[in-house]
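Please read them with the structure open.

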Amino acid sequence: MGFFGFIWIAAGLIFVAILGMKMVPPYIHSSQFASIFKTIASDPAMQTGSIRDIKDSYTKRASMNYIMDITAEDIDISKEGGVLSLSTSYTVKIPVAGNVSLVIDFKPSSS
């Protein structure tokens with residue numbers, strides 16, 4: 001392997017590392033949403049609470065974690081068979097280079 005081969009491999013590894021660093025935060029946010037949803041869905045007080053109570057609980061928990069991407073109005077709340085279920089779906093657009101972007105769809109839920 002010559003010098004130019006080394007440069008191409010190094011450039012490829014740097015590109016993959018930068019792309020990985022840009023993709024980690026959205027996945028962390030998605031896991032935070034899922035964690036909040038599971039906590040609310042397993043809370044006995046929320047099982048009998050109103051939709052407004054559930055949204056207020058989400059808003060408080062999201063503000064503690066500095067989450068501002070998804071508001072309480074974006075959450076789908078359902079109570080089927082006495083089981084509370086929370087979910088949402090959103091898209092994250094990550095600029096990679098120039099006019100190239102990476103689009104990731106997330107669907108965190110309490111189940």
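1. In helix 3, the residues that come out as buried are Ile-54, Lys-55, Ser-57, Tyr-58 and Ala-62. They lie on the same side of helix 3, because the arc they cover around the axis is only 155°. Bear in mind that this is a predicted model.

2. The buried residues of helix 3 pack against helix 1 (3–42) and helix 2 (44–47), and also against strand 1 (76–80) and strand 2 (83–87). On the face turned away from the buried side, helix 3 carries the exposed residues Lys-60 and Met-64.

3. The length of helix 3 (residues 51–64) agrees with expectation: at 1.5 Å a residue its 14 residues should span 20 Å, and the end C-alpha atoms are 20 Å apart. Just after helix 3, Tyr-66 has a positive phi of about 55°.

4. How many aromatic pairs are there? With ring centres within 6.5 Å as the criterion, the count is five. One of them, Phe-33 with Tyr-90, is edge-to-face, at 5.4 Å centre to centre and 80° between the planes. This pair links distant parts of the chain, since Phe-33 is in helix 1 and Tyr-90 in strand 3 (residues 90–97), 57 residues apart. Phe-33 and Tyr-90 are both buried.

5. Phe-37 and Tyr-58 make a tilted aromatic pair, 5.9 Å centre to centre with 45° between the planes. Phe-37 belongs to helix 1 and Tyr-58 to helix 3, so the pair ties together parts 21 residues apart in sequence. Both Phe-37 and Tyr-58 are buried.

6. Phe-33 and Tyr-90 also belong to one aromatic cluster with Tyr-27 and Phe-106.

Conventions:
Residues are numbered from 1 along each chain as its sequence is written. This is a predicted model: local features need pLDDT of at least 70, side-chain atom pairs count only at pLDDT 80 or more; totals for chains, interfaces and linings use all residues. Side-chain values use heavy atoms; hydrogens and water are left out. Helices (H or I, at least four residues) and strands (E, at least two) are DSSP runs, numbered from the N terminus. The expected span of a helix is 1.5 Å times one less than its number of residues. Buried means under 20% relative accessible area, exposed over 50%, partly exposed in between (1.4 Å probe, protein chains only). The arc is that of the directions from the helix axis to the C-beta atoms. Contact means heavy atoms within 4.5 Å. Rings of Phe, Tyr and Trp (its six-membered ring) pair if their centres lie within 6.5 Å; planes under 30 degrees apart count as stacked, over 60 as edge-to-face and the rest as tilted.
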